[in-house]
Amino acid sequence: MDPIKIIEKYYSPGSRLYETLIVHSSKVRDKALECICRRGLEVDRDFVAEAAMLHDIGIFRCDAPDIYCTGDLPYICHGVEGRKILDAEGLPRHALVCERHTGSGLSTEDIERQNLPLPRRDMLPLSLEEKLICYADKFFSKSGDIREEKSLDRVLRSMERHGADTLSRFLLLHRLFG
């Protein structure tokens, strides 16, 4: 499976959005693979590389002009939209990574408490591969300097702004992969 071919079904090569997605996804992939090597993790490396490249495939359906997305949906929906896309592509395992990577994962309680425009279900990373991609994703932005890795302090401040549960889940991921 070639994730670039799948991306190119939905994104125009050479566009700013395509370049943003490819750079971001490549950085997340590389960080995840680095964590595998550093920690000696026994995971499906090929799946991690593929799913990391595809984890944000749903962003084009969202309204986020600062990262060249001109869709109609709130940005928080990009994971659920990515799941729909990859389910339709026959990639259900990759699809779950899309849905479960937002923040440090989202519980049903998070969704209800924040009244998020998402299905009322847990969207927490479960497999080691899902957790790894969720973790690696937090270190790279799709706006600003998209090639720069965020410091751990910056990531922690960001997670803290989303609540104690989000920060706690991220700290568990950091213990596994940091």
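Q: Which residues of helix 5 and helix 7 meet each other?
A: This is a predicted model, to start with. From helix 5 come Arg 93, Leu 96, Val 97 and Arg 100. On the helix 7 side they meet Glu 129, Glu 130, Ile 133 and Cys 134.
Q: How many nonpolar, polar and charged residues does that contact have?
A: The contact of helix 5 with helix 7 has 4 nonpolar and 4 charged residues, and no polar ones.
Q: At what angle do helix 5 and helix 7 pack?
A: About 40°, with the axes 10 Å apart. Helix 5 covers residues 92–100, and helix 7 covers residues 128–137.
Q: What do we call that orientation, and why?
A: Helix 5 and helix 7 are oblique to each other. Their angle is about 40°, and angles under 35 degrees would count as roughly parallel, while 65 to 115 is roughly perpendicular, so the pair falls in the oblique class.
Q: Left-handed or right-handed crossing?
A: Helix 5 passes helix 7 in a right-handed crossing.
Q: Which residues of helix 5 are buried?
A: His 94, Ala 95, Val 97, Cys 98, Glu 99 and Arg 100. Val 97 and Arg 100 also take part in the contact with helix 7.
Q: What covers those buried residues of helix 5?
A: The cover includes helix 3 (45–54), helix 4 (78–88) and helix 7.
Q: New topic. Where is Thr 166?
A: Thr 166 lies in helix 9, which spans residues 164–177.
Q: Is Thr 166 buried or exposed, and why?
A: Thr 166 is buried, because its relative accessibility is 6% and buried means under 20%.
Q: What does Thr 166 touch?
A: Ser 104 and Met 159, leaving aside residues up to four places away in sequence. A polar atom of the Thr 166 side chain also lies 3.3 Å from the backbone oxygen of His 162.
Q: Now the loops. What is phi of Tyr 68?
A: Near 70°. That is a positive value in a residue other than glycine. Tyr 68 is in the loop between strand 1 (63–64) and strand 2 (69–70).
Q: How does Tyr 68 count by accessibility?
A: Tyr 68 counts as partly exposed, at 34% relative accessibility.
Q: And what about phi of Asn 115?
A: Phi of Asn 115 is near 50°, a positive value in another residue that is not glycine. Asn 115 is found in the loop between helix 6 (108–113) and helix 7.
Q: Buried or exposed for Asn 115?
A: Asn 115 is exposed, at 58% relative accessibility.

Conventions:
Residues numbered from 1 in each chain as written. Predicted model: local features only at pLDDT ≥ 70, side-chain atom pairs only at ≥ 80, totals over all residues. Heavy atoms only, no water. Helix = DSSP H or I, 4+ residues; strand = E, 2+ residues; numbered from the N terminus. Buried < 20%, exposed > 50% of the residue type's maximum accessible area, 1.4 Å probe, protein only. Polar contact = N/O pair within 3.5 Å; in protein donor to acceptor, adjacent residues only side chain to side chain. Contact = heavy atoms within 4.5 Å. Axes fitted to C-alpha atoms, helices over the stretch in contact; angles between N-to-C directions. Parallel < 35°, antiparallel > 145°, perpendicular 65-115°, else oblique. Left-handed = near helix turned anticlockwise from the far one by under 90°. Nonpolar A, V, L, I, M, F, W, Y, C, P; charged D, E, K, R; others polar.
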